Amino acid sequence: MKSMASQQQKGFPILVFLVVVTLPVCDGVSWGWVDSDYVPTNNLFLDIFTMQSYQTAWAVGEYDTVVKSVDRGDTWYEVQTGVGGVGQHWYSVAFYNSTHGWIVGAYGKVIYTNGGGETGSWIEQFSDVSQVVGTGTRPAYGAFLYDIQILDGGVALMVGQSGNIRRTYNWGETWEEVEALASYDFLALHFVTALRGWVVGDCGERILYTEDGGDTWSWQFPSEFLDDTGQFEQRLLLNDILFISDNVGFAVGREGRMLRTDHGGIDFSWHYVESCTSYALYSIALDPLSGEGFIVGNERVTCYSVDNGTDWSYLMVLPGQGGSLSAVSQWGSDNLAQAAGDFGWVVGSYGTAIRTSDGGMSTWTLLETGVQPTLMLYGVVAVNSSTVFAVGDANTIIRSTDGGNTWVHQNSRTRSMAFKAVYFVNESTGYVVGYNE
């Protein structure tokens, strides 16, 4: 789950199975399943939450699956909630500290621990969200709850189906219903402070916004969406949203559309800006310190900015087939100590990997990955300027130690998996997530 210091987009959860890599000092790379003998191999893990130290982590998923690690993910053990039942699916987990945490999921269930999430410490706090709200009635068996975020000690918000938003001020002893503006399915929420936050879901380009911790909500969208009567008239899917400060944010999506706000989205300050293409845009990354940013999308589109997103340039279309670019590395960011300077990597369909050595200004090189052209690469991460990992379809994990000039396929020792993302917490420990193909 997300914290107020980081941003994570989340739609319908598809996160599956956890794979860890550790890099020995001298010899190769060791990939393997993290102890999963205790659950059926087809169980989905739908969410994972780590403390800032990365020492303690929890993962939740299908069939009342809850696991915990206290050694940076080297080993995991099963936690029995005692309240979920074998048919219960959990969609989101969040902890305030190593002691207090919540899990939310199907049928409106909310469980809470003040004992670090260990077996026997979970209690059921809430399990019925079928009350009438606005002009609609939620499902009779309780609306599914998809996301929860802790805003302060004892204060948390959760969102779910049919416009369901609930809040607690007392560690969940009571959950109050927050009046929703509509009965859309809300899939994710993100707060930049304890008061200011946004909720997104199946409501097109409309974004639900609060600046008082959820007491009141309003819609945010571009003024271009208002017809002559002042009604919202257009809905367009957005694939990604990014705030580089409390007020400056971007959203990208279908047909090359990009929205920007310099005022936190208030007073119709979301407005269309020209990207560089009419193809779908999937992901945006922008460094507010350098002003450099990239957007990648369908048909190998890459847009590039050097002025904090004011202007975007179309970089290149590489020779060969079309296809999609699905991920861009964020070098020198997060907790990796060693930056890669002006080097960056993008991966996508047809086993494509490309590299820039000048910050994307003019030079991009198509790399020979050895991945079959029928396969898609979904994730890429640069550990430093030389070592890069990429993951994708058909158990694909590839590693380069020379900046992408040559690649070696890694053995994950898993069944047929589509790996969707790769992330390293430091230069020797990383995680890969995906699902059974």
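How many of the 6 residues of β7 are buried? In this predicted model, 6 of the 6 are buried, so strand β7 is largely enclosed by the rest of the structure.

**Strand β7 and its hairpin**

- Strand β7 is joined to β8 by a hairpin that runs through 5 residues, and the two strands pair in the antiparallel sense over 5 bridges.
- Within this pairing, Ser92 has Val104 in β8 as its bridge partner.

**The largest nonpolar core**

- The largest nonpolar core holds 24 residues, of which Trp102, Ile103, Val110, Ile148, Met158 and Trp175 touch the most other members.
- Two or more residues of this core come from each of β4 (57–61), β7, β8 (101–105), β9 (110–113), β10, β13 (145–152) and β14 (155–160).
- Leaving aside residues up to four places away in sequence, Val110 touches Trp102, Ile103, Val104, Ile123, Glu124, Gln125, Phe126, Leu145, Met158 and Trp175.

**Aromatic pairs and a charge over a ring**

- The structure holds 19 aromatic pairs, and one of them is formed by Phe95 and Trp122, whose rings are edge-to-face with 6.3 Å centre to centre and 85° between the planes.
- Phe95 belongs to strand β7 (residues 90–95) and Trp122 to strand β10 (residues 122–126), so this pair ties together parts of the chain that are 27 residues apart in sequence; both Phe95 and Trp122 are buried.
- Phe294 and Tyr304 form a tilted pair, with 4.8 Å centre to centre and 35° between the planes.
- This second pair links distant parts of the chain, since Phe294 is in strand β26 (residues 293–297) and Tyr304 is in strand β27 (residues 302–305), 10 residues apart; Phe294 and Tyr304 are both buried.
- A cluster connected through ring pairs contains Tyr96, Trp102, Tyr112, Trp171 and Trp175, and two of its residues, Trp102 and Trp175, are also named among the core residues that touch the most other members.
- Elsewhere, Lys420 lies over the face of Tyr378, at 3.5 Å from the ring centre.

**The open sheet**

- Four strands make up an open sheet in the order β3-β4-β5-β6, and their pairing is antiparallel.
- Strands β3 (45–50) and β6 (77–78) are the edge strands, each of them pairing on one side only.
- Inside this sheet, β4 pairs with strand β5 (residues 66–69) in the antiparallel sense over 4 bridges, and Val60 stands opposite Val66 in β5.

**Salt bridges**

- Side chains of opposite charge can pair when their charged atoms come close. A search of the whole structure finds 6 salt bridges.
- Glu124 forms a salt bridge with Lys109, and their closest N and O atoms are 3.1 Å apart. Glu124 lies in strand β10 whereas Lys109 lies in the loop between β8 and β9, so the pair ties together parts that are 15 residues apart in sequence.
- Arg167 and Asp215 meet through their side chains in a salt bridge of 2.7 Å, N to O. The link spans distant parts of the chain, from Arg167 in strand β15 (residues 165–168) to Asp215 in the loop between β19 (207–210) and β20 (218–220), 48 residues apart.
- Arg167 is buried, with a relative accessible area of 6%, whereas Asp215 is partly exposed, with a relative accessible area of 47%.
- Asp262 and Arg260 also meet through their side chains in a salt bridge, at 2.7 Å from N to O; Asp262 counts as partly exposed at 31% relative accessibility, and Arg260 counts as buried at 11%.
- Salt bridges that share partners join Arg167, Glu176 and Asp215 into one network.

Terms used:
Residues numbered from 1 in each chain as written. Predicted model: local features only at pLDDT ≥ 70, side-chain atom pairs only at ≥ 80, totals over all residues. Heavy atoms only, no water. Phe/Tyr/Trp six-rings, centres within 6.5 Å; stacked < 30°, edge-to-face > 60°. Buried < 20%, exposed > 50% of the residue type's maximum accessible area, 1.4 Å probe, protein only. Lys NZ or Arg CZ within 6 Å of the ring centre and 35° of its normal. Core = buried A, V, L, I, M, F, W, Y, C linked by side-chain atoms within 4.5 Å. Contact = heavy atoms within 4.5 Å. Pairing = 2+ DSSP bridges. Salt bridge = Lys/Arg side-chain N within 4 Å of Asp/Glu carboxyl O.
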